[in-house]
Amino acid sequence: MRCDYCGAQAKVYVPHQGIRLCENCFKKNVVSRVKEEVYRFNMLDSSDTVLMGISGGKDSFVLLDVLSRLHDPSKLIALTIIEGIPGYNRQDELDFVKKATMERGVEHIVVSFKDAVGLSLSELVNLGNKKRLGISACTFCGIIRRRIINYYARQLGASKTATAHNLDDEAQTLLINIFRGDTSRLVRQHPLAPVPSKKLVKRIKPLRKIYEWEAATYAYYSGYRFQSVECPYIIYQPTVRARIRRWMIMMEKEEPGIMLRLLNSFDEVVSQRLLSRSGSTLLLNECKNCREPTSPGREYCKTCELLMKIGVIKP
Ligand code: SF4
Ligand code: ZN
Ligand code: ZN
């Protein structure tokens, strides 16, 4: 089988495009599709300093590699957050990220949950369990990670933050928001959604049109060393998301390109709505405790709400 682009031996079949590609052309294909998406939604300006959340997982490795090809590496900063999960946050993984950032000329910063909120993720989860609050590790993890990235972006003067969400993640989130009828989150998921607070740094998701399997393949061809240890809390991930994930993967096999078409339709419909309403952005209030932005109608931000529930801070 020959590569449809250059005639070399093909290694990958891309079902949603109906093409066979060699290793090199596959990587070029991914980079050019990310570039197209970045330009389509004006995600990056040449003057932007971008703080990237680089966990060390395959998607974040792809984000690091692709963005360092599309943007001046001296204007990129990689932030690794150590959650504090015994057996999962390992030194050799961290060393791998250090090496990968150094090779690409990208500054690398490491910060832990303990530095940010005084407790590791495991300690937070244990306190929640003792009080039988039923708060999953992934809830703590997602909320506090977002807080840390935004806080450090502001401190470091970054104009954008970039996360490594791929097409599968975005398609799942889109369906979850639709099923819940959460139209405000639905609109905020769009790349053109306005930033609702001066304290929030604009978040971009350059890999949002790259399938998870494509990110994994790109990472593999780029020398990524796959982690042998999975997060022990992964079994507690929300079941709705896990079910939607399984269903979408099955549908994708039957109808290649459905996730992509779903997100493209969303982009088109919601961007028209956003453009027609420009100027009437809802501005978020500040948390009564930490002065960070809150969700609409809330007195406290989600981080403070969680810390209050487990008794670490008082209202
Ligand atoms: Fe965090 Fe949950 Fe992912 Fe573990 S599985 S790293 S707790 S989001
Ligand atoms: Zn080729
Ligand atoms: Zn707060």
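The model is predicted: local features need pLDDT of at least 70, side-chain atom pairs count only at pLDDT 80 or more, and totals for chains, interfaces and linings use all residues. Residues are numbered from 1 along each chain as its sequence is written, while chains are lettered from A and ligands numbered from 1 in the order in which they are written.

**The sheet**

Helices (H or I, at least four residues) and strands (E, at least two) are DSSP runs, numbered from the N terminus. Five strands form an open sheet in the order 5-4-3-6-7, with parallel pairing; two strands pair if DSSP finds at least two bridges between them. Strand 5 (107–112) and strand 7 (202–204) are the edge strands, and each pairs on one side only. On average, neighbouring strands of this sheet are turned by 30 degrees against each other, direction ignored. Strands of a sheet pair through backbone hydrogen bonds, either parallel or antiparallel.

Next, select strand 3 (residues 50–53). Val50 and Met52 on one side, and Leu51 and Gly53 on the other, are all buried; a residue is buried if 20 or more other C-beta atoms lie within 10 Å of its own, exposed if 12 or fewer, and partly exposed in between, with C-beta atoms placed from the backbone. In a regular strand the side chains alternate between the two faces of the sheet. Strand 3 is joined to strand 4 by 4 bridges, and the two run parallel. Within this pair, Gly53 stands opposite Leu79 of strand 4. Strand 4 is largely enclosed by the rest of the structure, because 6 of its 7 residues are buried.

Move to strand 6 (residues 160–162), which 3 bridges join to strand 7 in a parallel run. Here Thr161 stands opposite Arg203 of strand 7.

**The core**

Which residues have the most contacts inside the largest nonpolar core? Select Leu51, Met52, Leu63, Leu64 and Leu79; the core itself has 62 residues. Such a core is a set of buried Ala, Val, Leu, Ile, Met, Phe, Trp, Tyr and Cys residues joined through C-beta atoms within 7 Å. Helix 6 (residues 137–155) gives the most to this core, with 7 residues.

Centre the view on Leu51. Residues up to four places away in sequence are not counted, and those that Leu51 touches include Ile77, Leu79, Ile149, Tyr152 and Thr161; two residues are in contact if their C-beta atoms, placed from the backbone, lie within 7 Å. Tyr152 lies in helix 6 and counts as buried, with 20 C-beta neighbours inside 10 Å. With residues up to four places away in sequence again set aside, Tyr152 touches Leu51, Leu79 and Val111.

**The ligand**

Select ligand 1 and its shell: Ala137, Cys138, Cys141, Gly142, Cys231, Tyr233, Ile234 and Gln237. A residue is near a molecule if its C-beta atom, placed from the backbone, lies within 6 Å of it. By class, this shell has 6 nonpolar, 2 polar and no charged residues. For this count, Ala, Val, Leu, Ile, Met, Phe, Trp, Tyr, Cys and Pro are nonpolar, Asp, Glu, Lys and Arg charged, and the others, Gly among them, polar.

Select Leu263 in helix 11 (residues 258–276). Leu263 is partly exposed, with 18 other C-beta atoms within 10 Å. Leaving aside neighbours within four places in sequence, its contacts include Leu167, Leu174 and Arg208.

His190, in the loop between helix 8 (183–188) and strand 7, is the next selection. The C-alpha atoms of His190 and Leu263 are separated by 9.6 Å, although these residues are 73 apart along the chain. His190 is partly exposed, with 17 other C-beta atoms within 10 Å.

Finish at two loop residues. Asn42 is in the loop between helix 1 (23–40) and strand 3, and Arg132 is in the loop between helix 5 (121–130) and helix 6. Phi of Asn42 is near 50 degrees, a positive value in a residue other than glycine; phi of Arg132 is likewise near 50 degrees. Most residues other than glycine have a negative phi. Asn42 is exposed, with 10 other C-beta atoms within 10 Å, and Arg132 counts as exposed with 7 C-beta neighbours inside 10 Å.

Conventions. Axes fitted to C-alpha atoms, helices over the stretch in contact; angles between N-to-C directions.
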